[in-house]
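Have a look at the structure first.

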Amino acid sequence: ALVTGATAGIGEAVSRRFSNSGMKLILVGRRTKKLESLADTLGTAAHILPLDVTDRNAVYESFKSLPKDFSKIDILVNNAGLALGLEPSAQANLDDWDQMVDTNIKGLIYCARAVLPDMVSRDRGHIINIGSVAGSYPYPGGNVYGGTKAFVHQFSLNMRADLLGTRVRVSCIEPGAVETEFLTVRFKGDSEKARNFLKGANAMSASDVAEVIHFVATAPSN
């Protein structure tokens with residue numbers, strides 16, 4: 001399994017859950033030391049891939065040059081993504097909008113496109129895209145973040161339509177509130193603001209979401 005955004009939050013939790021099931025892992029993220037630390041604590045073989053998924057050429061080159069033992073990817077967990085800011089549309093930072101589009105949309109489609117041909121040629125594989133309830137249910141300040149997650153939902157459905165007749169599967173997992181560093185990133189390091197945002201939400205943990213992703217990844221083919 002290849003997991004993007006593996007250095008923290010849901011990506012890290014999924015990596016640990018998959019490792020507990022004996023899966024070999026390719027851990028993708030921008031923070032090399034965190035990838036190394038994670039790989040050292042897993043009970044299965046893990047290959048680290050320091051990578052920014054928004055760099056299309058780097059994604060293709062890195063995926064093509066994987067060691068032989070890791071080159072046949074059966075599962076892609078397209079988890080890398082972020083939200084930035086909570087300002088209304090008229091006041092939002094355009095750089096934040098660009099970064100969300102580049103990561104949540106472009107990074108996700110680059111990774112999917114890089115693994116698909118081999119999955120189709122082997123007639124096996126599973127792409128699990130991580131969306132969000134924000135893609136279906138708007139809230140003030142969700143603007144571009146919600147738009148990117150609506151794209152993930154629709155892209156997943158359309159990929160599934162393209163793959164009809166093959167045994168390559170596509171799933172889209174759409175969590176609600178999850179207590180991870182995701183919100184601290186959103187609020188530019190303001191952890192108090194992140195805590196207040198979740199107040200009264202009965203938020204899930206990253207491990208809760210990882211259980212759902214693991215179930216989807218290992219469910220019977222029918």
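What follows covers a helix contact and then the pockets.

This is a predicted model, where local features need pLDDT of at least 70, side-chain atom pairs count only at pLDDT 80 or more, and totals for chains, interfaces and linings use all residues. Residues are numbered from 1 along each chain as its sequence is written, and side-chain values use heavy atoms, with hydrogens and water left out.

**Helix pair**
- The axes of α4 (residues 94-122) and α5 (residues 143-162) come within 8 Å and cross at roughly 15°; axes are lines fitted to C-alpha atoms over the stretch in contact, with angles from 0 to 180 degrees between N-to-C directions.
- Helices here are DSSP runs (H or I, at least four residues) and strands are too (E, at least two), numbered from the N terminus.
- So α4 is roughly parallel to α5 (angles under 35 degrees).

**Pockets**
- A pocket is an open set of points on a 1 Å grid over the protein atoms alone, with protein on both sides within 12 Å along at least five of seven lines; lining residues have an atom within 4 Å of a point.
- The largest pocket holds about 1000 Å³, its volume being the space filled by probe spheres (1.4 Å) set on the points, which are joined across faces, edges and corners.
- Its lining has 42 residues, with N79, G81, L82, A83 and F182 nearest the centre.
- α6 (182-186) gives the largest share of that lining, 4 residues.

Conventions: Angles under 35 degrees count as roughly parallel, over 145 as roughly antiparallel, 65 to 115 as roughly perpendicular and the rest as oblique.
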